[in-house]
Amino acid sequence: MAPYLFRFLLIAITLYAFLRGGREERAVALLCVIGAAATHAVISPLHDRFEEVESAVLLVDLALLAGFVAIALRSERFWPLWMAGIQLTTVMGHAMKQIESDLLPRAYAASLGFWAYWTLAILAVAVWRTQRRRLQADSPPLH
């Protein structure tokens, strides 16, 4: 059920970002879509999944981290920094599996997947706040 829920939220929130977000929101949405597609393409077969460090997924997660950091460094908003921080937490999930090879595959998988929902939630709030700022800028002042 969780993969279907994530895919639904990914499509809905990134579509929202592409339609209503600003440049930064659209860039982050694009990174999220590319990251999800790349992860799906490189992840190990189901019977081996998360038994060892998912090296290819780690590379995808590092690329996402670099993208989020690049956006955060150029942004005047704070939310991209949260995206980078959450992605760093995801990368640390890979480090934990490398340090503790006995880490249960399910715990390793949860440490990676859990944070993906938070990145989508932050993106949704960022788009909503961008819309609010635009509406407030367009409305005439009250006298």
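**A walk through a helical chain**

The chain has five helices and zero strands. Helices here are DSSP runs of H or I with at least four residues, strands are runs of E with at least two, and both are numbered from the N terminus. Read from the N terminus, the order is α-α-α-α-α.

This is a predicted model, where local features need pLDDT of at least 70, side-chain atom pairs count only at pLDDT 80 or more, and totals for chains, interfaces and linings use all residues. Residues are numbered from 1 along each chain as its sequence is written, and side-chain values use heavy atoms, with hydrogens and water left out.

Start with the whole chain. Its C-alpha atoms fill a box of roughly 65 × 30 × 20 Å along the principal axes. Of the 143 residues, 34% are buried (under 20% relative accessible area, with a 1.4 Å probe and protein chains only). Now take contacts, meaning heavy atoms within 4.5 Å. Among those between residues at least 6 apart in sequence, 68% join residues at least 24 apart.

Next, zoom in on one residue. H94 sits in helix α4, which spans residues 79-99. Is H94 buried or exposed? H94 is buried, because its relative accessible area is 1%. Leaving aside residues up to four places away in sequence, H94 touches V53, E54, V57, L58, D61, Y108 and L112. With one of these, Y108, the H94 side chain makes a side-chain polar contact of 2.7 Å. A polar contact is a pair of N or O atoms within 3.5 Å; within protein, one must be able to donate a hydrogen and the other to accept it, and residues adjacent in sequence count only if both atoms are side-chain atoms.

Terms used
Buried < 20%, exposed > 50% of the residue type's maximum accessible area, 1.4 Å probe, protein only.
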